[in-house]
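We will go stop by stop.

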Amino acid sequence: MMTTIRLSHVRAAFAECEARATPHRLPDFDAIATRVEGDPEVRGTLVFLEMHNTGWSGVLERWLLTVEGAAGPIEFVADLLPDAFSTRRRD
């Protein structure tokens, strides 16, 4: 079974990251929410590991994320704590 990640999950993971570290990529979740309906599924790709000035003792994962908006796909980037999401299939 695959785990579905929703926009609310990404928002919560980012809030945790902001509380514990210094993310460099800050998504505007309020602006994104005005362009989508409900709590859409988010698709993402881990694209980078931020190692400098992270505000904590490890790296941050930089994710390129996409949600489906009313006018088409919306892409945004977020720095998250390691293992906030998994790229592995969960059964």
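**Stop 1: a buried pair**

Select Asp79 and Arg62. Both of these residues are buried, where buried means under 20% relative accessible area, exposed means over 50%, and partly exposed lies in between (1.4 Å probe, protein chains only). Now show their side chains. Asp79 and Arg62 form a salt bridge, and their closest N and O atoms are 2.6 Å apart. A salt bridge here is a side-chain nitrogen of Lys or Arg within 4 Å of a carboxyl oxygen of Asp or Glu. Asp79 sits in strand β3 and Arg62 in strand β2, so this pair ties together parts that are 17 residues apart in sequence. The strand and helix names follow DSSP runs: helices are H or I with at least four residues, strands are E with at least two, and both are numbered from the N terminus.

Glu50, Arg62 and Asp79 are linked in a network of salt bridges.

A word on what you are looking at. This is a predicted model, in which residues are numbered from 1 along each chain as its sequence is written, local features need pLDDT of at least 70, and side-chain atom pairs count only at pLDDT 80 or more, while totals for chains, interfaces and linings use all residues. Side-chain values use heavy atoms, with hydrogens and water left out.

**Stop 2: helix α1**

Select residues 7–20, which make up helix α1. How far apart are its end C-alpha atoms? They are 20 Å apart. The expected span is 1.5 Å times one less than the number of residues.

Which residues of α1 are buried? Color Leu7, Val10, Ala13, Phe14 and Cys17. They cover an arc of only 125° around the axis, which puts them on the same side of α1. The arc is taken from the directions from the helix axis to the C-beta atoms.

Next, show what covers those buried residues. The cover includes α2 (29–33), β1 (42–50), β2 (60–69) and β3 (72–80). Contact means heavy atoms within 4.5 Å.

**Stop 3**

How many salt bridges does the structure hold? There are five. You have seen one of them, between Asp79 and Arg62.

Select Arg11 and Asp30. Their side chains meet in a salt bridge at 2.4 Å, N to O. Arg11 lies in helix α1 and Asp30 in helix α2, so the pair ties together parts that are 19 residues apart in sequence. Check their surroundings too. Arg11 is partly exposed, with a relative accessible area of 36%, and Asp30 counts as exposed at 52%.

Now pick Arg20 and Glu16. Their salt bridge has its closest N and O atoms 2.9 Å apart. The two residues are four residues apart in helix α1, which means that about one helical turn separates them. Arg20 is partly exposed at 45% relative accessibility. Glu16 is partly exposed at 41%.

**Stop 4: a nonpolar patch**

Select Val47, Phe48, Leu64 and Val77. These residues form a nonpolar patch on the surface, with about 300 Å² of accessible area together. Areas come from the Shrake-Rupley method with a 1.4 Å probe, and for residues only the protein chains shown count as cover. Patch residues have over 30% relative accessible area and no salt bridge; like charges are joined within 9 Å, and nonpolar side chains (Val, Leu, Ile, Met, Phe, Trp, Tyr) within 5 Å.

Zoom in on Phe48, which lies in strand β1. Phe48 is partly exposed, with a relative accessible area of 41%.

**Stop 5: the loop between β1 and β2**

Select Asn53, which lies in the loop between β1 and β2. Is Asn53 buried or exposed? At 65% relative accessibility, Asn53 counts as exposed. Asn53 touches Thr22 and His24, not counting residues up to four places away in sequence. Its phi is near 55°, a positive value in a residue other than glycine.

Move along to Ser57, in the loop between β1 and β2. Ser57 is exposed, with a relative accessible area of 81%. Draw a distance from Ser57 to Asp39: their C-alpha atoms are separated by 32 Å, and they are 18 residues apart along the chain.

**Last stop: after β3**

Select Asp83, in the segment after β3. Its phi is near 70°, a positive value in a residue other than glycine. Asp83 counts as exposed, at 66% relative accessibility.
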